[in-house]
Amino acid sequence: MSDIILSVKDLQVNYGGIEAVKGISFDVPAGDIVTLIGANGAGKSTTLKAIAGLVKPRSGSIEFEGANITGKDSSDIVARGVTLVPEGRRVFANMTVLENIKIGAYLRKDSLDEDIAWVYDLFPRLKERAWQLAGTLSGGEQQMLAVARALMSRPKVLMMDEPSLGLAPLVVKGIFDIIREINKQGVTVLLIEQNANMALKTADYAYVLETGRIGLSGTGAELLTNEDVKKAYLGS
Ligand SMILES: Nc1ncnc2c1ncn2[C@@H]1O[C@H](COP(=O)(O)OP(=O)(O)O)[C@@H](O)[C@H]1O
Ligand SMILES: [Mg+2]
């Protein structure tokens, strides 16, 4: 059995009177790609935000490398090695590609040259466009930039909120190729997707989130052939 790097237990998150996440539990083994799939509004983004320290859970616990990080500050969680690529990329439009990349390392004081070289190696397109304003990049390039920026914090666990949203199929394929490559280089990935088909093909293990609760779970391959998953999420 591989080590569990991130463990969520009985997580509950409310927004005022709305119960967005109703007591979910799941584990992320070190070195794996784990995905949470589910319809719009199921609680996927809220779950990632709670892990990242951006919303406070009502109850439950989040453990990272054996330490309880529930309710810690988001900057503490980034410093420990858990980084979120938020939904909708949110690059700084009026800053250059390189400036955006450097912002991802805001918690660090050591030399960034090696890591900039690393992300340029992963995303040659960004290297070519280092001096271009981020707002003028295509949607796919902005997603690459958001991932590159997140990698500058040297995460052990990279969380991604719907990286494929609004991108053309060919561009989506490129993003998923990059997710696999980053994982191959040793980064554990927790991926949230409405594009269940791509997510299940990419993931080692998957959980289905249904209105705040975990329904099915299994390997990506198991869920791809599950009749209920096919009907509800794969459009067949
Ligand atoms: N800031 C917020 N305030 C109030 N309700 C919210 C907020 N963000 C999300 N919700 C609600 O919480 C539920 C889960 O949302 P979310 O986690 O964004 O789902 P998903 O990412 O799976 O689409 C939805 O019912 C949504 O309307
Ligand atoms: Mg969402």
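## Serine 217 and strand E10

Let's start with serine 217, which sits in strand E10 (residues 213–219). Helices (H or I, at least four residues) and strands (E, at least two) are DSSP runs, numbered from the N terminus. This is a predicted model, in which local features need pLDDT of at least 70, side-chain atom pairs count only at pLDDT 80 or more, and totals for chains, interfaces and linings use all residues. Residues are numbered from 1 along each chain as its sequence is written, while chains are lettered from A and ligands numbered from 1 in the order in which they are written.

Is serine 217 buried or partly exposed? It counts as partly exposed because it has 16 C-beta neighbours inside 10 Å. Here a residue is buried if 20 or more other C-beta atoms lie within 10 Å of its own, exposed if 12 or fewer, and partly exposed in between, with C-beta atoms placed from the backbone. Setting aside residues up to four places away in sequence, serine 217 touches Ala206, Tyr207 and Val208; contact is defined as C-beta atoms, placed from the backbone, lying within 7 Å.

## Around ligand 1

The residues surrounding ligand 1 are Tyr15, Ile18, Ala20, Gly38, Asn40, Gly41, Ala42, Gly43, Lys44, Ser45 and Thr46 (C-beta atom, placed from the backbone, within 6 Å of the molecule). By type, this shell has four nonpolar residues, six polar and one charged.

Strand E2 (18–29) and helix H1 (44–52) each give the shell at least two residues, and H1 has the largest share, with three.

## Helix H1 and what follows

H1 is largely enclosed by the rest of the structure, because nine of its nine residues are buried. Among them are Lys44, Ser45 and Thr46, which also belong to the ligand 1 shell. Just after H1, glycine 53 adopts a positive phi of about 80°.

Further along, the loop between H1 and strand E4 (59–64) holds proline 57. Proline 57 is buried, since 22 other C-beta atoms lie within 10 Å. Beyond four places in sequence, proline 57 touches Leu11, Gln12, Val13, Ala50, Thr70 and Gly71.

Just after H7, glycine 186 has a positive phi of about 105°.

## The nonpolar core

The largest nonpolar core contains 68 residues, and Leu145, Ala148, Leu158, Met159, Val189 and Leu191 have the most contacts inside it. Its largest share, seven residues, comes from helix H6 (residues 139–151). Such a core is a set of buried Ala, Val, Leu, Ile, Met, Phe, Trp, Tyr and Cys residues joined through C-beta atoms within 7 Å.

Leaving out neighbours within four places in sequence, leucine 191 contacts Ile33, Thr35, Met160, Ile179, Ala199 and Ala203.

Key: Nonpolar A, V, L, I, M, F, W, Y, C, P; charged D, E, K, R; others polar. Contact = placed C-beta atoms within 7 Å.
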